Amino acid sequence: MASNKGYPRCDVKVSEEERDFYEMKNRACEFYTRNKVPQQIENVLNEMFFAKPDDIYGYLANFFMKLSAPPRISGLNGREVYDSQGQLAVQAEVMCTIRNEQKLTSCAGVPAGNDQWRMQGPDLGKGRAHHITTGLEWIKGPLSELLKGCDPCDQTGVDNILSDFFSARHQEDKETRRLQEEKNKEAEEEALPPPPPPPVSSKGKKAGETATKGASAEKLITPCVPPEPEVPGSLAVGAVSLAVAKSGALIRDVPLYRHILALRSQSEFRVPVPLVTLLSCGKSSPGKLNLLEEVILIPRPGQRVTQVISMALQIHEELMRIMNSSTSKAGVRVICQRFHLRRAGYASEADEQFGDGMIQFGSLIIFGGSSVRKWAAFGWVLLAAWRNLPPEVNQLFLGSQRMLEGTSIRQSTALQLGSSDLFLENPAECSRLLYEGKKKSTEQPTQAGPMSEAGAPVLVCERPEQALDLVAEACGNLGLTPGEEIRLALNCAADRLMDYSKGKYEVIAGSLKSPDELVDMYQALLLKYPAVAALIQPLRKEDVDQWERLSSVIGASCSLLCDMSGLSASQAPPPALPGVKGQVLQQVNGTKVSDLIRIMMENPDAVILSSSHSEPCGEDCLSDLAVGLGVAYVRLGGLQGGHRLAKYNRLIAIEEELAQQGTLVSRTTLPAPLCVGDNIEDAGISGEV
């Protein structure tokens with residue numbers, strides 16, 4: 001007779017069902033023994049008996065969780081999202097198998113980098129939409145298959161797979177472009193008409209001499225070297241690499257910055273110095289000034305991030321107050337000019353259009369009634385209606401204040417602007433006000449425009465001195481000494497200002513300067529404003545001689561930085577420029593986390609990590625990357641916009657966490673690449689801001 005609990009007897013015939021059950025028991029015993037399940041259960045039961053935890057099953061779960069297999073990537077998914085500018089972007093999602101369950105562990109996206117995808121039209125099939133579509137196809141198809149089964153904590157292994165895949169796509173794209181160029185060249189040659197015969201000139205010698213003189217008089221400039229075009233879909237590589245890094249941090253149960261630091265085999269934490277954008281000017285602003293794209297705050301070393309942001313907010317508020325009040329001051333000066341001309345009897349026919357109309361200078365409204373000629377005989381010319389009367393009106397116009405009769409102004413306070421005492425007994429003061437009014441009427445006053453993409457107020461101005469004077473005035477009002485409490489960096493973005501038809505930089509609308517003249521302009525600017533400690537992209541990369549000359553004239557008082565933010569790590573970097581102390585870098589397109597680590601190890605004191613104006617919304621991992629990579633500076637933009645403030649808040653949280661753990665290393669001096677000489681005058685730059 002057979003037994004279900006032991007081995008069957010040899011002389012007893014068993015059924016097929018009993019034989020199968022017996023074999024299954026043997027397989028189960030072998031399976032559990034091979035995986036040491038009985039021993040582990042015995043161990044945990046013995047440990048738990050002595051530990052006597054309150055949560056028995058929680059104790060068992062934690063014990064067996066340590067014995068579980070490491071998570072593996074089970075697949076990738078890609079989604080279309082919108083960036084901070086409302087443009088389409090790619091977000092990569094990483095799914096991992098964790099304890100036999102498939103879970104979404106992370107998602108990440110990177111900006112598209114440069115404006116290449118906006119300039120290429122949809123007719124070419126290689127616009128931004130094609131870039132996004134190709135990236136999604138890569139993520140959902142070949143990249144998902146290639147990374148299936150990989151360890152998400154092995155960042156180097158994952159990035160190597162991504163590099164091999166991208167290299168193959170890069171070669172395919174180069175071959176496609178080469179064949180397309182040959183095809184286009186053949187089509188152009190077929191379409192060209194035969195060349196006409198050369199003209200016969202009776203004065204060939206003189207004409208030749210004239211042409212030679214003209215050619216020698218025109219100074220040739222080095223043409224711009226076009227960057228290597230990005231491979232459509234390349235942003236999928238950077239997005240997947242970053243998403244895998246976030247998955248690795250989640251699985252290891254550590255913050256992303258600690259995970260990045262472990263990949264670098266480093267243990268010292270330093271919070272980078274935040275560079276805050278105070279003003280935006282440049283070519284995109286409505287003013288005439290093209291040169292300065294950003295005026296950036298470099299805080300004093302040793303300050304916490306919260307202190308830097310608090311100081312930057314105070315400066316920002318003071319800048320806005322000054323810019324908003326500058327328009328009203330311009331209006332008062334124009335009143336002085338108009339009054340003086342009429343009082344002296346020099347009213348022109350052009351001024352008569354002011355008689356029955358209204359002109360608005362900011363929030364100052366100037367009225368001219370129908371009885372202007374009558375009041376002009378007595379010195380009463382203009383009437384101003386002002387919601388909140390500014391103090392400069394009372395300071396400039398000291399005459400008696402009385403209501404004018406016979407006016408049609410209602411529900412507003414009328415102030416008589418002008419008196420015979422001021423304009424008859426003080427001709428010098430009148431002339432000064434007249435001069436200021438004329439000067440102000442020809443030069444556009446500095447005023448605040450809308451917020452820029454960098455999260456800072458747009459300054460409408462005509463000269464770079466106006467922007468720096470404005471910052472100096474704001475700092476002076478707050479009791480901050482430029483050059484001590486704060487320094488400034490100027491993002492010149494000069495590589496976008498070259499007029500290649502004339503071979504000069506259009507620094508100001510209608511004002512062109514050669515590369516050498518631009519160097520002289522920088523030298524004069526730094527002599528007048530010694531608080532400027534860095535110039536970002538002051539020249540084109542092709543103007544190598546001018547870079548060397550600029551480095552020699554500014555000495556150690558100012559750092560020259562090259563803007564590499566538009567290039568991904570897959571593109572060949574330009575040759576090193578003389579005098580350049582650092583570079584501004586972004587994670588864009590095909591830039592992988594391993595690429596950033598490699599660049600930091602090769603240039604430990606020469607990298608400033610920068611945010612992009614078109615980052616996918618919700619991404620605040622740039623602060624973790626900056627701390628984990630160990631960069632000395634991070635440029636996050638201005639203090640407007642939720643996606644930028646999320647990065648500042650994350651930087652504050654990291655700093656507080658490190659301070660609580662006692663692992664925060666503070667800085668006592670400005671680190672490279674923005675460190676300058678302690679004595680600015682000894683470095684050859686002197687003057688006052």
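Is lysine 52 buried, partly exposed or exposed, judging by its relative accessibility? Please start with that residue, then show me how the rest of the protein is built around such details.

Analyst: Lysine 52 counts as exposed, because its relative accessibility is 56% and the cut-off for exposed is over 50%. Keep in mind that this is a predicted model. Lysine 52 sits in a loop, with helix H2 (37–51) on one side and helix H3 (56–67) on the other. Its backbone deserves a look too. The phi angle of lysine 52 is near 45°, a positive value in a residue other than glycine.

Two other residues have a positive phi. Arginine 99 is one of them, with phi near 50°. Its loop runs between two strands, S2 (88–98) and S3 (101–108). Arginine 99 counts as partly exposed, because its relative accessibility is 42%. Aspartate 253 is another case: its phi is positive, near 60°, and the residue follows helix H8.

Helix H8 covers residues 235–252.

An α-helix has 3.6 residues a turn, so residues three or four places apart point the same way. Glutamine 587 itself lies in the loop between strand S18 (580–585) and helix H18 (593–602). It counts as buried, because its relative accessibility is 9%. Its side chain reaches the backbone oxygen of threonine 591 at 3.3 Å.

Glutamine 546 belongs to helix H17 (residues 544–554). It counts as buried, because its relative accessibility is 12%. Glutamine 546 and aspartate 516 are 30 residues apart along the chain, yet their C-alpha atoms are separated by 6.4 Å. With neighbours within four places left aside, glutamine 546 is in contact with Pro515, Asp516, Val519 and Leu539. Glutamate 318 is part of helix H10 (residues 305–343). At 11% relative accessibility, glutamate 318 counts as buried too.

The largest nonpolar core has 116 residues, and Leu291 and Leu535 have the most contacts inside it. Leucine 291 touches Asn491, Cys492, Ala493, Leu497, Val507, Leu518, Met521 and Tyr522, not counting residues up to four places away. There is also a second, separate core of 15 residues, which includes Val273, Ala534, Ile608 and Leu670.

Cysteine 492, one of the contacts of leucine 291, raises another point. Which cysteine sulfur is closest to its own? That sulfur belongs to cysteine 558, at 8.6 Å, which is too far for a bond. Cysteine 492 counts as buried, because its relative accessibility is 0%. Cysteine 153 is partly exposed, with a relative accessible area of 22%. A disulfide is a covalent bond between the sulfur atoms of two cysteines. With a cut-off of 2.5 Å between the sulfur atoms, the count comes to 0 disulfides.

Alanine 672 and proline 673 are joined by a cis peptide bond, with omega about 10°. Proline 673 lies in the segment after helix H20 (642–661).

Last, the whole protein. It has 20 helices and 20 strands. Of its 689 residues, 45% count as buried. Lysine 52, where we began, is exposed. The protein exposes about 35600 Å², and carbon and sulfur atoms supply 52% of that area. Take the contacts between residues at least 6 apart in sequence: 68% of them join residues at least 24 apart. The pair of glutamine 546 and aspartate 516, 30 residues apart along the chain and in contact, shows such a link.

Methods: Residues are numbered from 1 along each chain as its sequence is written. This is a predicted model: local features need pLDDT of at least 70, side-chain atom pairs count only at pLDDT 80 or more; totals for chains, interfaces and linings use all residues. Side-chain values use heavy atoms; hydrogens and water are left out. Helices (H or I, at least four residues) and strands (E, at least two) are DSSP runs, numbered from the N terminus. The expected span of a helix is 1.5 Å times one less than its number of residues. Buried means under 20% relative accessible area, exposed over 50%, partly exposed in between (1.4 Å probe, protein chains only). A polar contact is a pair of N or O atoms within 3.5 Å; within protein, one must be able to donate a hydrogen and the other to accept it, and residues adjacent in sequence count only if both atoms are side-chain atoms. A nonpolar core is a set of buried Ala, Val, Leu, Ile, Met, Phe, Trp, Tyr and Cys residues joined through side-chain atoms within 4.5 Å. Contact means heavy atoms within 4.5 Å. Accessible areas come from the Shrake-Rupley method with a 1.4 Å probe; for residues, only the protein chains shown count as cover.
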